[in-house]
Amino acid sequence: MIASPRPSPDPAVVLTKATLRAAEQLGLSNADLAAVIGVSEATVSRLKSSGRPIGPSTKEGELALMLIRVFRSLDPLIGGDDNKRKNWMGSYNKALLGSPNQLIHKADGLVRTLSYLDGMRAAS
C-alpha cells in the first residue's frame, strides 16, 4: 500500500497560529497585538476566529515573524517560565530605555527588542 502524500500546511495559517500563540505567551492583549503587527483590533478578532490568516509576505506578516522571534529568543533566557516572561515584557529595561511590551508597539522598538534578545542569547 502506498501512502498518499500529506498536503503541505498553508504558511499563512501556520504564521497566524504561531503569532497568536506568541502574543498570548507574551501576555499581549488584542490591542497590543494589533499595534505590533499594524492592524485593527477587529482584524485580530478575525485572526482568532480563523476568518483571516496573516500572509507571510505582507508587512503585517513581517512584523508577526519578528514578534514570534521575540518570543523564541526570550523563552530560553527565562527558562520557559510564564511569570518571568510576562514580568520581563512589562518591566522597564535600562538597555532598551523602556518596557518591551510598550516598545514593540512600534517597528523600531520591535527591532531593538529583538536585537537585544538575540545579543543576550549569543552572550549566554
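In these legends, buried means under 20% relative accessible area, exposed means over 50%, and partly exposed lies in between (1.4 Å probe, protein chains only). The model is predicted: local features need pLDDT of at least 70, side-chain atom pairs count only at pLDDT 80 or more, and totals for chains, interfaces and linings use all residues. Residues are numbered from 1 along each chain as its sequence is written, and side-chain values use heavy atoms, with hydrogens and water left out.

**View 1. The annotated domain, residues 74-121.** UniProt, in an unreviewed entry, lists this stretch as "domain: Antitoxin Xre/MbcA/ParS-like toxin-binding". The UniProt positions follow the numbering used here, feature names are shortened, and annotations may be inferred rather than shown by experiment. Over residues 74-121 the chain is 67% helix and 0% strand, and its end C-alpha atoms sit 8 Å apart. Helices (H or I, at least four residues) and strands (E, at least two) are DSSP runs, numbered from the N terminus.

**View 2. The stacked rings of Trp88 and Tyr116.** Rings of Phe, Tyr and Trp (its six-membered ring) pair if their centres lie within 6.5 Å; planes under 30 degrees apart count as stacked, over 60 as edge-to-face and the rest as tilted. The count by this rule is one aromatic pair. The ring centres of Trp88 and Tyr116 are 6.3 Å apart and their planes meet at 15 degrees, so the pair is stacked. Trp88 belongs to helix α5 (residues 82-90) and Tyr116 to helix α7 (residues 107-123), so the pair ties together parts that are 28 residues apart in sequence. Tyr116 is partly exposed, at 24% relative accessibility.

**View 3. Salt bridges of Glu60 with Arg52 and of Glu62 with Lys59.** A salt bridge is a side-chain nitrogen of Lys or Arg within 4 Å of a carboxyl oxygen of Asp or Glu, and five are counted by this rule. Glu60 and Arg52 meet at 2.8 Å, N to O. Glu60 is buried at 13% relative accessibility, whereas Arg52 is partly exposed at 26%. For Glu62 and Lys59, the closest N and O atoms are 3.3 Å apart. These two residues are three apart in helix α4 (residues 59-77), a separation of about one helical turn. Lys59 is exposed at 57%, while Glu62 is partly exposed at 39%.

**View 4. Asp118 and Arg69, joined by a salt bridge.** The closest N and O atoms of this pair are 3.0 Å apart. Asp118 lies in helix α7 and Arg69 in helix α4, so the pair ties together parts that are 49 residues apart in sequence. Asp118 is partly exposed at 27%, and Arg69 is partly exposed at 43%.
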